[in-house]
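Student: I have a structure open and want to learn how to read its features. Where do we begin?

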Amino acid sequence: MSIPELKSEHVWVVLLIVALIPALFPLHAPFPMSDPTKRIYDIIESLPEGSIVIMGGGGVFAFDLESSPGMIASLKQMARKHVRLVTLPVWSETPQFHKFVIDASRVDKKFGGPWTYGVDYVLLPYIPGGDMVVFDSFLTDVHKTVSIDLAGTPIDQLPLMNDLHDFHDIALWICPHWGFVPVVRIVTGQYDVTTISFAQSTAYAFFSPYMQAYPGKVYMTNGYIGGAQYEKLCGITGLGHLVVDTYTAMSLFIAFFIILGNITMLSKGKEEEE
């Protein structure tokens with residue numbers, strides 16, 4: 001039997017189709033659950049009603065997208081728990097990402113969620129000056145560090161901000177960005193506030209030793225698989241599950257092409273010998 005020659009363009013077309021299949025027909029591929037991810041869920045679940053969480057740090061939107069599945073799921077969890085949120089962007093692209101994940105989580109009342117802006121969550125503007133300098137200032141005196149929100153409204157007109165003065169009022173700090181190291185050094189290292197990172201897989205590879213350096217105070221999830229794990233804990237399916245399904249489907253087809261390619265090579269070698 002003659003085996004057709006595998007051309008690279010054919011392989012790429014098939015892989016593109018395979019990558020799109022999970023978006024239309026979810027595979028529900030299995031994946032393991034990690035202890036840090038479960039611990040993060042338990043920490044947020046244990047926060048008392050009315051607690052204030054900071055979503056702060058700096059990163060590039062395109063790269064931080066890998067952090068969005070876990071962050072979106074946690075926002076849904078916080079809204080369900082009636083926990084409040086304040087954003088603190090220290091890179092210029094970060095405010096857009098903060099607004100994106102909040103809108104995508106559909107927690108605002110305009111989307112049918114339980115949160116009211118100014119009461120349950122506040123979007124602060126980009127604050128220049130350097131990550132660690134801004135964090136130190138914010139944790140010492142919030143109102144001396146920033147005076148308006150992202151829309152230009154004075155923060156003293158927002159009920160939530162009247163309950164946030166310094167690090168004593170912060171229950172938890174979440175960083176869904178690449179810039180997690182300054183957060184750990186200042187927020188946890190100097191002010192002993194527990195920090196969480198819904199990390200990109202590359203960031204996890206670099207920064208996960210901080211979990212050993214600050215046991216019980218620093219936690220990280222790992223890339224899209226970490227996001228899928230958190231979605232599962234929150235009882236939702238989103239981008240994390242989609243990416244895991246896509247990885248699974250493409251891995252199976254790549255293995256298939258490797259086997260087919262080797263069969264083709266062996267078949268041609270046999271024909272040449274004959």
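This is a predicted model: local features need pLDDT of at least 70, side-chain atom pairs count only at pLDDT 80 or more; totals for chains, interfaces and linings use all residues.

Student: Which residue forms a salt bridge with Asp42?

Tutor: Lys38 does. The closest N and O atoms of the pair are 3.0 Å apart. Lys38 is partly exposed too, with a relative accessible area of 34%.

Student: How far apart are Asp42 and Lys38 in helix α2?

Tutor: They are 4 residues apart in α2, which spans residues 35–45. About one helical turn therefore separates Asp42 from Lys38.

Student: How many salt bridges does a search of the whole structure find?

Tutor: The search finds 5. One of them joins the side chains of Arg84 and Asp163, at 2.8 Å from N to O. Arg84 lies in strand β2 (residues 84–89), and Asp163 sits in the loop between α7 (142–145) and β4 (172–175). The pair therefore ties together parts that are 79 residues apart in sequence.

Student: Is Arg84 buried or exposed?

Tutor: Arg84 is buried, at a relative accessible area of 16%.

Student: Where do Asp192 and Lys217 lie?

Tutor: Both are in loops. Asp192 is in the loop between α8 (180–188) and β5 (195–199). Lys217 is in the loop between α10 (209–213) and β6 (218–222). Their side chains meet in a salt bridge, 3.7 Å from N to O. This pair ties together parts that are 25 residues apart in sequence. Asp192 counts as exposed, at 52% relative accessibility.

Student: Now helices. What describes two packed helices?

Tutor: The angle between their axes and the distance between the axes. Take helix α4 (residues 68–81) and helix α11 (residues 223–234). Their axes come within 7 Å and cross at roughly 20°. An angle under 35 degrees counts as roughly parallel, so α4 is roughly parallel to α11. The crossing of the two helices is left-handed.

Student: Which residues make the contact of α4 and α11?

Tutor: From α4 come Pro69, Gly70, Ala73, Ser74 and Gln77. From α11 come Tyr224, Gly227, Tyr230, Glu231 and Cys234. By class, this contact holds 5 nonpolar, 4 polar and 1 charged residues.

Student: At what angle do α4 and helix α5 pack?

Tutor: At about 55°, with their axes 9 Å apart. Helix α5 covers residues 94–105. The two helices are therefore oblique to each other. Here the crossing is right-handed.

Student: Which residues of α4 and α5 meet?

Tutor: On the α4 side, Ser68, Met71, Ile72, Leu75 and Lys76. On the α5 side, Phe97, Phe100, Val101, Ile102, Ala104 and Ser105. The contact of α4 with α5 divides into 8 nonpolar, 2 polar and 1 charged residues.

Student: One more residue. Where is Ser67 placed?

Tutor: In the loop between α3 (61–64) and α4. Ser67 counts as buried, at 1% relative accessibility.

Student: What is Ser67 in contact with, leaving aside its neighbours within four places in sequence?

Tutor: Pro176, His177, Phe198, Ala199 and Gln200.

Terms used. Residues are numbered from 1 along each chain as its sequence is written. Side-chain values use heavy atoms; hydrogens and water are left out. Axes are lines fitted to C-alpha atoms, for helices over the stretch in contact, and angles run from 0 to 180 degrees between N-to-C directions. Angles under 35 degrees count as roughly parallel, over 145 as roughly antiparallel, 65 to 115 as roughly perpendicular and the rest as oblique. A crossing is left-handed if the near helix is turned anticlockwise from the far one by less than a right angle, and right-handed if clockwise. Contact means heavy atoms within 4.5 Å. Ala, Val, Leu, Ile, Met, Phe, Trp, Tyr, Cys and Pro count as nonpolar, Asp, Glu, Lys and Arg as charged, and the others, Gly among them, as polar. A salt bridge is a side-chain nitrogen of Lys or Arg within 4 Å of a carboxyl oxygen of Asp or Glu. Buried means under 20% relative accessible area, exposed over 50%, partly exposed in between (1.4 Å probe, protein chains only).
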